[in-house]
Structure formats: structure tokens, C-alpha cells
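Grab a pencil and work through the exercises below. Try each task yourself before you read its solution.

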Amino acid sequence: MDFLEALSRPPLVLGVDPRPELHGPEPLAHLRRYALGLFEALGKRLAAVKFQLAFFEALGPEGMALLEELASGARVMGLPVIFDGKRGDIGSTAEAYAAAYLRRFPGSALTLNPYLGLEALRPFFRAAQETGGAVFVLAKTSNPGSGFLQDLDVAGRPLYLYLAEALAGEGEAGPWSRVGMVVGATYPEAVAAVRRVAPHAPLLLPGVGAQGGSPVRGPGLLNAASRALFYPGGRPDLEGAIRAAEGFLEALVE
């Protein structure tokens, strides 16, 4: 599976941010059953499944084993996978992060932090190219305080657009690059601005639903909903998740 196949699927991404306290006396076993059941139920309605790594890391070795099982299960069901870890480092450390996720799970995607510069990102770019994967570099994030750095003026434009222009020159030419960006659905004007300067970059749009973002239509836009889709109504609810997915897709697909 090549990750770019996700761009031909329905433009909705299921964010998996597991909350064990919502899963009863045997939380990991119930979480495993619920997540796999949800992947199966929503499969044809999704572009990809996005795993927020922090929530699995917080559960220790059992959580990381669960991550591998769920990621493998999603792939077996034909669902592309995004690892949301916001990694970024230099030299051999970047190579190790790339090996841990992009090379270990060929055809998957990883989110990246660009603060160390493009040089620190190129090991990830190479790994994505060689494994049929992709990367999503943080450009304009969904949180309210993102403007503290990301909106700073750089040569007459916000920093996030300066970065987007630079990233547009990375990766192979269209129709879609393997170097995408993260732009919060909470900032639709930023989505439009990044799309203008990077027409071939897939854009991952977090913040749909619980963070107040609305679905954004357009080619190459992957709208990500986590709490509103994985825990509709604040709890595990398979039927509620199906209804929520259908509601999001009604807003996304004509």
C-alpha cells in the first residue's frame, strides 16, 4: 500500500487518542476490541487512521504493543496509517525516528516538527520516498496559541507561509507530493493560503469537531476528527461514530 492512495479515499481521518478510563475494568482489552471494531465499521468512510503517539506512550510497554497491533490491524483492513508524533531531530536521531515509523511500517505517514530546519527533516523525506510513505510537517497548527511563532512576519508573510513555500520545493512533483503539511481546520484562511503556495502538498487538517474546526472541502485535504469521531458523546459508541462520520462526510462530499 502506498500512502498517497489515501488521497483517493473519502477525505475523513479518524484520530485515535485512547482514554483508558473510558473502557471499564479491563481497559486495554476493551480498547483493542473497540478500536478494531471501529476501523472495520468506518473503513469505507475513511482516508486514514491517525494514531496520537503520546497517548500510547503514556501507557508504557503495553500501550506501545497496542499501538503496533492497532496499526497492523488498520493496514490489514486496507486503511492508510498516520503516526502523529511530531518528530524532528538531527542526524542519526532523525534517521532512527524515520526507521521506527516510516521504515518499520512501509506506506505509512508521520507528522514532523520543522523547528530544527529542513536539513533535519530530509532523513524523513528520504524514508517516505523509499517506502511509499509520506510526512506531514507542522505549518499552522490548530491550537489557539499557534500564532505566537507561526504568524510571525518573515519577509512580508507569516512564518507558516514562508515554511510552506520552502516545503513546496521538497518531494517529487505532482500530482501529490510525499511532503505534506499540517494546517488546522480551525484556521480555514490558512488552509487556503497554504494551498495557494503548495498546490501539490497533501494537507492534514486536525481540529475538526471537538476543537471547533469545521470540515474543509478541497482536493488533497484530509480532515481529521479525534474525540468527536472516536468518542462521540464523550464515550465509546460504535453507532454514534458511524453517525458522526456520515455527518462529517455530508459536509465534505457533494
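Predicted model: local features only at pLDDT ≥ 70, side-chain atom pairs only at ≥ 80, totals over all residues.

**Exercise 1. Work out how helix α1 is oriented relative to helix α3, and which residues make their contact.**

Step 1. Start with the two quantities you need: two packed helices are described by the angle between their axes and the distance between the axes.

Step 2. Find the helices: α1 covers residues 27-42 and α3 covers residues 60-76. Their angle is about 20°, and their axes are 10 Å apart.

Step 3. Now classify the angle. Angles under 35 degrees count as roughly parallel, so α1 is roughly parallel to α3. As for handedness, α1 passes α3 in a right-handed crossing.

Step 4. List who touches whom. From α1 come Leu28, Leu31, Arg32, Ala35, Leu36 and Phe39, while α3 brings Glu62, Leu66, Glu69, Leu70, Gly73 and Ala74. Sorted by class, the residues of this contact are eight nonpolar, one polar and three charged.

**Exercise 2. Is Ala166 buried, partly exposed or exposed?**

Step 1. Check its relative accessible area, which is 31%. Buried would need under 20% and exposed over 50%, so Ala166 is partly exposed.

Step 2. For a sense of distance, pick Asp237, which is 71 residues from Ala166 along the chain. The C-alpha atoms of Ala166 and Asp237 are 42 Å apart.

**Exercise 3. Classify the ring pair of Phe3 and Phe136, then the ring pair of Phe83 and Tyr101.**

Step 1. Recall what you need: a pair of aromatic rings is described by the distance of the centres and the angle of the planes. There are nine aromatic pairs in the structure, and you'll look at two of those here.

Step 2. For Phe3 and Phe136, the ring centres are 5.9 Å apart and the planes meet at 75°. Over 60 degrees counts as edge-to-face, so that is what this pair is.

Step 3. Phe3 is in the segment before β1 (12-16) and Phe136 is in strand β5, so the pair ties together parts 133 residues apart in sequence. Phe3 and Phe136 are both buried.

Step 4. For Phe83 and Tyr101, the centres are 5.1 Å apart and the planes are at 50°, so this pair is tilted. Phe83 belongs to strand β3 (residues 81-87) and Tyr101 to helix α4 (residues 91-103), 18 residues apart.

Step 5. Check burial again: Phe83 has a relative accessible area of 1% and is buried, and Tyr101, at 9%, counts as buried too.

Step 6. Finally, zoom out: Phe83 and Tyr101 are part of a cluster linked by ring pairs, along with Phe39, Phe51, Phe56 and Phe105.

Notes. Residues numbered from 1 in each chain as written. Heavy atoms only, no water. Axes fitted to C-alpha atoms, helices over the stretch in contact; angles between N-to-C directions. Helix = DSSP H or I, 4+ residues; strand = E, 2+ residues; numbered from the N terminus. Parallel < 35°, antiparallel > 145°, perpendicular 65-115°, else oblique. Left-handed = near helix turned anticlockwise from the far one by under 90°. Contact = heavy atoms within 4.5 Å. Nonpolar A, V, L, I, M, F, W, Y, C, P; charged D, E, K, R; others polar. Phe/Tyr/Trp six-rings, centres within 6.5 Å; stacked < 30°, edge-to-face > 60°. Buried < 20%, exposed > 50% of the residue type's maximum accessible area, 1.4 Å probe, protein only.
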